[in-house]
Amino acid sequence: MQHSVIFKNVTKKYKMYNDSADRLKAIAAPKRFGEDFYAVKNISFTAEPGDVVGLVGVNGAGKSTLSNLIAGVVPETSGEISIDGQVSVISISSGLDNQLTGRDNIEYKCLMLGFTKREIQELMPEIIKFADLGKFIDQPVKNYSSGMKSRLGFAISVNIDPDVLVIDEALSVGDQTFKEKCFEKMNEFKEKGKTIFFVSHSLNQVRDFCNKVLWLEAGEVKGYGERKLVLPKYRKFLKEFKALSEEEKAKFREQIAEKRSKLEIAEEDNSDELQAIPHVNSSRVLRNRKKNLFILVNKKITVLLLLLCILSISLYIGKPWNKFYRNHSTSHTAMPQDNSITMHEDKNNETVLHNELQSKEDIRYLVVESASIRANPDLEAEVIGYAHFGESYVINEIEAGLNDIEWLKVINKATNENGWISGNTMQGIKDSLNDEETAGKIQQLAGYHPVLEEIELLNRTDDNEGINSFEAHTTIIVSDTLKASVIESLDDPHIEIANKLLYRGSLFDFVFTIENDYVIEITIIKK
């Protein structure tokens, strides 16, 4: 039997460090520093052409990691992966550049996939037609909603005709009409004998669309096979899990975390199906191993050289390492001429300065789903962009307009763009939460997620470079967290509308999207 995707004992391990110092020490003694985290462990399965495999599991089970391994986005730590054909991934805003227009993103992404200019021009009309974004196709992607980004990403991925398609929560947003169009397109792929991996928290979608189900728990395969056999077992597990008390859920997550810090030895599988792996695209497996070794060696050499350079400079100027680093990291900060603002000599000095600088600015948040940003303070003025709930803006000027409308001249801190927006849609927030504590509480509520862990580490280590490189918007898909549990843990939100809660932090804002009293996604916005 021909296999399009084969995994044999595949494991992906990450290292988690308490601070930057441990990260540096791990270069010399990798086994002594850092905690192992196994995103997936000993994964083995095969998929055939025409299979539609639903990837299910609670938040943090390893679904996205598995998707990235299938797509080749990340390399495996151990094991063997064989893929027969080209893979395309569809996830919310995956591979899109926020500064480019939708049209430019189509060309950019297709070029990255190896298409020629002529081929892209032939594909362009069909992709634009499928995305159905109207005039927004020529607007920067940063002005798109999550549903619009999903439309564009889906349109690009399905129209390049891949052999293996990975859909990671891309249909969790957007309108019903577009979802139906997407399913029609995916059914065409199924009829053509292509292999599809479908990641979704909607069990109804999995039931209606998939013929197989791969159930992940704690990074391991809990069940794999025909949908009618695996899906009922997963539904039963979910029902029992949701019936647990908060204390029982916390204990369950602790057990899972403990389990994912260790790797059990995988038993040998001597089935004919898995023995076929070396005969299916085995050259790719060898390339991956060589590539992983090459990356590891080069990374260690680069870090060691960088460390030697920094130590040399530190010795040359005659200052201790920690003092040199502190002076260097704050030398580019514009200090206002105000005696009320002082630098506190502790590890949180940058956060304190950030908060004090922010208090000098008039920063307000959008408190409606979306609002137009206009070129001039007039309802008839040209719309030059859109603001979305939870986004913050610096107010540079206030002007009274007709019909008692107060117009605010706003500056988007991420893009430095100016425009006018109605004051009725904006609200200031005086206090803020601690980012590290908030991220920790969210992990207790919704389960482990690398982004939340990164926020905790950034606050502990005061890593300015890490904060600057942090993605502006990150969305986490959630399945079993109650709105009431969020409010109980984090207190009342700073801003609340019909289906969204906003909590303001010092460096990050947290937006919860609610549906039927459950949180379905959490968006983290870097200020």
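Analyst: Happy to. Let us begin with Asn9, which lies in strand E1 (residues 5–16); helices (H or I, at least four residues) and strands (E, at least two) are DSSP runs, numbered from the N terminus. This is a predicted model, where local features need pLDDT of at least 70 and side-chain atom pairs count only at pLDDT 80 or more, while totals for chains, interfaces and linings use all residues. Residues are numbered from 1 along each chain as its sequence is written, and side-chain values use heavy atoms, with hydrogens and water left out.

User: What is the phi of Asn9 near?

Analyst: The general idea first: most residues other than glycine have a negative phi. Asn9 has a positive value, near 50°, and is not a glycine. Asp517 is not a glycine either, and its phi is positive at about 70°. Asp517 sits in the loop between strand E20 (508–515) and strand E21 (518–526).

User: Is Asp517 buried or exposed?

Analyst: Asp517 counts as exposed, at 52% relative accessibility. The scale runs like this: buried is under 20% relative accessible area, exposed over 50%, and partly exposed in between (1.4 Å probe, protein chains only). For a glycine with positive phi, look just after helix H2, where Gly72 takes about 80°. Within H2 (residues 63–71), the buried residues are Lys63, Thr65, Leu66, Ser67, Leu69 and Ile70.

User: Which residues have the most contacts inside the largest nonpolar core?

Analyst: A nonpolar core is a set of buried Ala, Val, Leu, Ile, Met, Phe, Trp, Tyr and Cys residues joined through side-chain atoms within 4.5 Å. Here the largest has 49 residues, and Leu152, Phe154 and Met186 have the most contacts inside it. A second, separate core of 24 residues includes Val10, Val40, Leu55 and Val74.

User: How do I read aromatic pairs, and how many aromatic pairs does a search of the whole structure find?

Analyst: A pair of aromatic rings is described by the distance of the centres and the angle of the planes. Rings of Phe, Tyr and Trp (its six-membered ring) pair if their centres lie within 6.5 Å; planes under 30 degrees apart count as stacked, over 60 as edge-to-face and the rest as tilted. The search finds 13 such pairs. One of them joins Phe45 and Phe197 edge-to-face, at 6.0 Å centre to centre with 65° between the planes. Phe45 is in strand E2 and Phe197 in strand E7 (residues 195–199), so this pair ties together parts 152 residues apart in sequence. Phe45 counts as buried at 3% relative accessibility, and Phe197 counts as buried at 0%.

User: What about Phe237 and Phe252: what is their distance, centre to centre?

Analyst: Their centres are 6.3 Å apart, and with 50° between the planes the pair is tilted. Phe237 lies in helix H8 and Phe252 in helix H9, so the pair ties together parts 15 residues apart in sequence. Both Phe237 and Phe252 are buried. Ring pairs also link Trp215, Tyr234, Phe237, Phe241 and Phe252 into a cluster.

User: Which ring does the charged end of Lys12 sit over?

Analyst: A charge sits over a ring if NZ of Lys or CZ of Arg is within 6 Å of the ring centre and within 35 degrees of the ring normal. The charged end of Lys12 sits over the ring of Tyr14, 5.1 Å from its centre. Lys194 lies over the face of Phe189, 5.7 Å from the ring centre.

User: What volume does the second largest pocket have?

Analyst: About 870 Å³. Of its 37 lining residues, Arg253, Ala257, Gln443, Gly447 and Tyr448 are the closest to the centre. H9 gives the most to this lining, with eight residues.

Conventions: 1 Å grid on protein atoms, 1.4 Å probe; cavity = no way out; pocket = protein on both sides within 12 Å on 5 of 7 lines; lining within 4 Å. Points joined across faces, edges and corners; volume = space filled by probe spheres on them.
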